Amino acid sequence: MSRPPPPPPPPPPTTNKDQQRQNPSLQEINIKLIQSGEKERLKELLRERLLECGWIDEMKALCRAFTRKKGRNNVTVDDLVHVISPKGRASIPDSVKAKLLQRIRAFLASTAD
Amino acid sequence: MSGPNEDNNTQLSSHIFGDLLDSIIVDVASECHRIAKLGLDRNLEEEEEEMRLSAQARARVADPSNSSETNTKYVVDIFGQTHPSVATEIFECMNCGRSIAAGRFAPHLEKCMGKGRKARLKVTRSSTAAQNRYLRGSPVSTYSPYSNSTSTNRLSNGTPSVAGEEYSNGTYEEPWNKT
């Protein structure tokens with residue numbers, strides 16, 4: 001059946017007119033990120049930086065140590081994620097984080113136009 | 001005006017960064033999981049093996065009931081070789097000219113050259129040679145790295161007879177200092 005596509009939902013009412021277009025939801029941003037390919041590029045950039053600074057090797061070492069203790073056959077992906085997450089998030093080098101945040105903010109600024 | 005917007009942006013950015021990071025963490029975890037399950041990380045098992053073997057070796061060393069003599073005959077080193085507890089290669093003592101086993105060389109030299117009363121009475125080469133050695137005892141041993149190159153240089157140039165004593169001291173001192 002041919003139906004005209006539904007109109008986009010009206011922006012939520014805001015007190016300040018300037019904020020109407022400049023306060024998109026996270027979901028919209030995510031869609032834009034993915035569709036433009038920027039998300040993939042950002043992820044690759046992050047992965048590259050983390051590899052260079054040895055963060056990934058540290059995480060792999062943690063996994064190996066855990067696997068050795070728990071036994072190769074008893075390990076689940078979930079286990080490993082829980083092993084890595086807290087330490088991993090804490091040990092991100094500041095320079096890497098700053099660089100990524102900068103790029104993300106630049107993207108947000110460019111899409112806000 | 002743009003204050004709250006910037007805060008929002010900062011919050012969004014952090015959130016997006018967190019997403020990216022989580023995604024990478026999951027990637028790394030699943031890769032390690034795969035390696036673990038497929039047994040691709042051979043180091044994992046080798047390390048277990050090595051840890052077991054080193055624990056065993058440590059237990060054996062710490063075990064006081066093992067006498068060192070009998071044990072060294074059967075213990076295998078990291079290259080898989082066994083060595084007799086007393087080194088068996090035979091050398092000629094440069095002092096007295098006798099054939100001595102390498103493992104017995106140091107005690108032999110003690111008697112032959114140095115500390116013993118009987119050794120002091122022995123005159124093997126010449127009295128001056130023995131005197132020089134005793135007088136220059138410790139300094140010569142510290143010279144040994146240098147005397148190595150200098151004495152060989154001099155020897156290759158042809159040794160004048162006058163300095164023959166020195167060279168012979170040099171050559172006599174350095175080999176056993178090196179060992």
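A disulfide, for this talk, is a pair of cysteine sulfur atoms within 2.5 Å. The model on the screen is a predicted one, and over all its chains the number of disulfides is 0.

Take A:Cys63 to start with. A:Cys63 takes part in no disulfide, and the nearest cysteine sulfur to it belongs to B:Cys32, 3.6 Å away. Is A:Cys63 buried or exposed? Its relative accessible area is 0%, so A:Cys63 is buried.

Now back to A:Cys63, for its place in a helix contact. A:Cys63 is one of the residues of helix H4 of chain A that meet helix H5 of chain A. H4(A) covers residues 55–70 and H5(A) covers residues 77–90. How do the two axes cross? They come within 10 Å and cross at roughly 135°. That angle is why H4(A) is called oblique to H5(A). The crossing is right-handed.

Which residues make the contact? On the H4(A) side they are A:Trp55, A:Met59, A:Leu62, A:Cys63, A:Phe66, A:Thr67 and A:Lys70. On the H5(A) side they are A:Asp79, A:Leu80, A:Val83, A:Ile84, A:Lys87 and A:Gly88. By type, the residues of this contact split into 8 nonpolar, 2 polar and 3 charged.

Methods
Residues are numbered from 1 along each chain as its sequence is written. Chains are lettered from A and ligands numbered from 1 in the order in which they are written. This is a predicted model: local features need pLDDT of at least 70, side-chain atom pairs count only at pLDDT 80 or more; totals for chains, interfaces and linings use all residues. Side-chain values use heavy atoms; hydrogens and water are left out. Axes are lines fitted to C-alpha atoms, for helices over the stretch in contact, and angles run from 0 to 180 degrees between N-to-C directions. Helices (H or I, at least four residues) and strands (E, at least two) are DSSP runs, numbered from the N terminus. Angles under 35 degrees count as roughly parallel, over 145 as roughly antiparallel, 65 to 115 as roughly perpendicular and the rest as oblique. A crossing is left-handed if the near helix is turned anticlockwise from the far one by less than a right angle, and right-handed if clockwise. Contact means heavy atoms within 4.5 Å. Ala, Val, Leu, Ile, Met, Phe, Trp, Tyr, Cys and Pro count as nonpolar, Asp, Glu, Lys and Arg as charged, and the others, Gly among them, as polar. Buried means under 20% relative accessible area, exposed over 50%, partly exposed in between (1.4 Å probe, protein chains only).
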